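Hi,

Here is the structure I said I would pass on.

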Amino acid sequence: MAARSASAGNEAALRAAAKGFATARVPFDVYFDDQGRVRKLGQRFSFVNGQRHSTVAVTSTTLLYDFGAAADVRLPASKDIYAGQIAEK
């Protein structure tokens with residue numbers, strides 16, 4: 001479990017997130033370029049939907065490119081960051 005290896009600041013969040021997964025493992029595929037850099041990451045997992053008492057399947061793909069290009073990265077304003085619990089009706 002990733003939470004075991006996480007820094008103190010991330011451990012609680014990872015443990016909470018893991019409770020929502022329907023399975024203990026998250027299968028993934030990683031594709032590397034000729035220089036050994038990750039170019040594509042695909043993950044497949046399910047989480048428990050409390051409203052329907054069923055699981056929801058998720059497929060997530062991240063593409064990485066333009067290595068070495070300058071990037072202007074800024075944190076969103078505090079009012080735009082939600083760090084609480086999502087309530088279900």
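**What I found**

Residues 24 or more positions apart make up 27% of the contacts in the protein chain with a separation of 6 or more, a contact being heavy atoms within 4.5 Å.

Before the rest, the ground rules. This is a predicted model, where local features need pLDDT of at least 70 and side-chain atom pairs count only at pLDDT 80 or more, while totals for chains, interfaces and linings use all residues. Residues are numbered from 1 along each chain as its sequence is written, and side-chain values use heavy atoms, with hydrogens and water left out.

The protein chain has two helices and three strands, in the order α-α-β-β-β along the sequence. These are DSSP runs numbered from the N terminus (helices H or I, at least four residues; strands E, at least two).

The three strands form an open sheet in the order 1-2-3, with antiparallel pairing; strands count as paired if DSSP finds at least two bridges between them. Strand 1 and strand 3 (54-63) are the edge strands, each pairing on one side only. From one strand to the next, the twist averages 10°, with axes taken as lines fitted to C-alpha atoms and angles running from 0 to 180 degrees between N-to-C directions.

Strand 1 (residues 28-32) is joined to strand 2 (residues 38-49) by five bridges, and V30 sits opposite L41 in strand 2. Those two strands make a hairpin with five residues between them, and G36 in the turn has a positive phi of about 85°.

Most residues other than glycine have a negative phi. D66 counts as exposed, at 54% relative accessibility (exposed is over 50%, buried under 20%, partly exposed in between; 1.4 Å probe, protein chains only).

As for the chain overall, 7% of its 89 residues count as buried.

Cheers
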